[in-house]
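Open the structure in your viewer and keep the selection panel at hand. The tour goes from one selection to the next.

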Amino acid sequence: MNTHLDHRNPFVFDTHELGRRPGAMQRLSRTIDAPKEFGLLGVIEVPEGAPVELDLRLESVMEGVLVTGTARASAKGECVRCLEPVVQEVDADFQEMFSYPDADDRGRPKDDAGDDAEDDEDRLFLEDGLFDLEPVLRDAVVLALPMQPVCQEDCEGLCSECGVRLSDEPGHHHDAVDIRWAALQGLAESIQDGEKDEMSGAEAQAGVDEKQEK
């Protein structure tokens, strides 16, 4: 079949050297640039263009090539508790079977009349001896990343009243005020202010009366 995969794509690997003899094995190492949107978008992800180190083992089996490997990279995001930047090293393990397009699960040539299109939808196939690892890597990295990253396990987050980072100010707190007492306090202060105004007015009037008498 004609392939649409480009061997120059860093995510595309060639298995021709491995051959189709069951039991043959090949080890590969490659460093590639992270693609766009590589991780949990808006939460934590490997920045586009950041290095991703791949260690792969390719094994030839009856029905295709079994690929086992590890991807290592640095992901960046922000702490869900205090919003500080988070950098986390990622080790994503994966294993995937890339089937020969002309063989069934037992490694025998397919009978056109017995093809199962529904099963093929969930399988990945070799194309002219090439396979694309990018979708496998994306799934592996997402599974390896935390859904709720934190800067440290005991991060206390932010103060709900003033927004200060609690880990930076141990013992930080605000005196709790009962809103009912706060209302009474406000009323008391208003009364005191009114009394002061009345006293000031009375003193001023007394001063006027005193001058008139003189």
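What volume does the largest pocket have? The largest pocket has a volume of about 220 Å³. A pocket here is an open set of points, on a 1 Å grid over the protein atoms alone, with protein on both sides within 12 Å along at least five of seven lines; lining residues have an atom within 4 Å of a point. The volume is the space filled by probe spheres set on the points, which are joined across faces, edges and corners.

Before going on, note that this is a predicted model: local features need pLDDT of at least 70, side-chain atom pairs count only at pLDDT 80 or more, and totals for chains, interfaces and linings use all residues. Residues are numbered from 1 along each chain as its sequence is written, and side-chain values use heavy atoms, with hydrogens and water left out.

Stop 1: Select Arg20, Tyr100, Leu126, Asp128 and Gly129, which are the closest to the pocket's centre of the twelve residues lining it. By class, the lining has five nonpolar, four polar and three charged residues. Ala, Val, Leu, Ile, Met, Phe, Trp, Tyr, Cys and Pro count as nonpolar, Asp, Glu, Lys and Arg as charged, and the others, Gly among them, as polar.

**Stop 2: the whole chain.** Switch to a cartoon view. The chain has three helices and nine strands; these are DSSP runs, with helices (H or I) of at least four residues and strands (E) of at least two, numbered from the N terminus. From that end the order is β-β-β-β-β-β-β-α-β-β-α-α.

**Stop 3: the core.** Select Val46, Val52, Leu54, Val67, Phe94, Leu133 and Leu137. Of the 38 residues in the largest nonpolar core, these touch the most other members. Strands E3 (38-40), E4 (44-46), E5 (51-61), E6 (64-78) and E7 (85-99) and helix H2 (134-144) each supply at least two residues of this core. Such a core is a set of buried Ala, Val, Leu, Ile, Met, Phe, Trp, Tyr and Cys residues joined through side-chain atoms within 4.5 Å, where buried means under 20% relative accessible area with a 1.4 Å probe, protein chains only.

**Stop 4: the cavity.** Select Phe38, Val46, Val52, Ala71, Arg72, Ala73, Val90 and Val141, the lining of the largest cavity. In a cavity a 1.4 Å probe fits but cannot get out. About 30 Å³ of space lies in this one. E6 gives the largest share of the lining, three residues. Seven lining residues are nonpolar, none is polar and one is charged.

Terms used: Buried < 20%, exposed > 50% of the residue type's maximum accessible area, 1.4 Å probe, protein only.
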